[in-house]
Amino acid sequence: MDKPTKIQYCEKCGTKIEKIEITHKPKPIKISTYMKDVISKLLWYTPNNKHSKQSYTEPILEDKLYEDFCFDYILNNMEVDPQNVTLIKHNKFFDNIETPYRESACRKCQVIFFQTDNDQTKTETLIRHIRNSVSHGYFNIIYGDTEKEDMFVGFDETPSGKCTAILHIQPVKLLNAIDFLTGEYPQLQEMLTAHALKKCGYKIGREEKFFDNNSCYEFDIIAEKNGKTYCFEIKDYKSKYIPQITITSQMLYYKNVSSQYNFTPVLLCDKSLLTEQTKQLLKGKNIIVLDRNCISNLLSGIDVLENISQGN
Ligand SMILES: [Zn+2]
């Protein structure tokens with residue numbers, strides 16, 4: 001008879017530690033229908049899944065520009081303790097630290113270790129490691145108290161056995177976060193822009209309403225820096241270029257209220273571009289238009305707003 005093993009509890013949360021069984025008993029592994037569905041949905045996001053005509057292309061997950069924003073958002077929404085996340089460079093491996101995480105897992109504390117990839121975003125790489133651990137059969141499920149808390153434990157390694165990922169994650173939370181980022185939610189643009197503006201040193205103001213001649217003006221974001229206020233309206237144009245005529249009408253629309261309350265209106269169009277001609281038209285005017293290129297710059301920490309308002 002096996003010697004009874006001592007029950008261990010997680011140092012962080014006090015939950016009983018579970019032993020990880022990688023050899024599936026029975027084979028093939030029995031997975032709850034719900035978990036099977038969640039994992040297969042996640043795997044559709046695998047990058048370079050070129051053999052599948054059905055695989056998703058998700059520009060937001062693939063764009064290096066949005067990489068940190070997306071990954072931070074995902075970790076936050078998965079409720080992963082940042083201390084439990086370790087990313088290493090493309091050519092490095094997890095040699096020493098992995099042993100306890102290979103043998104046992106806390107049912108509540110998620111742990112993410114993975115090797116990054118120079119050509120893929122962190123989110124894409126995370127999904128690729130999940131895919132590898134599933135396709136190599138190097139995973140198991142520890143069922144939680146609720147489906148949301150079911151834990152996927154998976155490992156990825158090179159053909160020579162070097163460890164490139166250790167994942168103890170709750171896939172439902174991961175899928176929900178990815179679905180949010182890739183869905184057509186209007187708040188996403190707001191979140192991205194607010195995140196970019198904060199990176200450039202702006203204070204994001206409270207929602208405020210402005211009144212002029214019985215009209216009420218509301219904005220998606222209000223940002224302040226160096227005593228200047230910028231009020232953002234998010235616009236979606238279906239065309240490649242932002243139509244000049246709508247910009248001219250927006251200029252008129254905001255003319256009085258913006259001088260009365262001393263702010264600069266900003267139109268934010270992350271799907272379209274400005275033509276050279278429209279850029280010239282906007283020079284020195286009381287309105288700023290940020291097209292897709294400007295937003296890219298803003299996300300990489302270039303304060304395009306200040307540059308434009310200073311006429312650079
Ligand atoms: Zn724990």
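Q: What covers the buried residues of helix 3?
A: This is a predicted model. In it, the cover includes helix 2 (59-62), strand 2 (85-88), helix 5 (122-135) and helix 6 (171-182).

Q: Which residues of helix 3 are called buried, and what makes them so?
A: They are C70, F71, Y73, I74 and L75. A residue is buried if 20 or more other C-beta atoms lie within 10 Å of its own. These five residues of helix 3 are therefore ones that reach that count.

Q: How do you know what span is expected of helix 3?
A: The rule is 1.5 Å times one less than the number of residues. Helix 3 has twelve residues, and 16 Å is expected. From first C-alpha to last, helix 3 reaches 16 Å, close to that expectation. E79 follows helix 3, with a positive phi near 60 degrees.

Q: Which residues is L290 in contact with, neighbours within four places in sequence aside?
A: V266, L268, C269, I295 and V304. Contact requires C-beta atoms within 7 Å, so each of these pairs with L290 meets that limit.

Q: How does the radius of gyration of the chain stand against a compact globule?
A: A compact globule of 312 residues would have a value near 20 Å, but the chain has 24 Å. The C-alpha trace spans about 85 × 40 × 35 Å along its principal axes.

Key
Residues numbered from 1 in each chain as written. Predicted model: local features only at pLDDT ≥ 70, side-chain atom pairs only at ≥ 80, totals over all residues. Contact = placed C-beta atoms within 7 Å. Helix = DSSP H or I, 4+ residues; strand = E, 2+ residues; numbered from the N terminus. Buried ≥ 20, exposed ≤ 12 C-beta atoms within 10 Å, placed from the backbone. Rg over C-alpha atoms; globule rule 2.2 N^0.38 Å.
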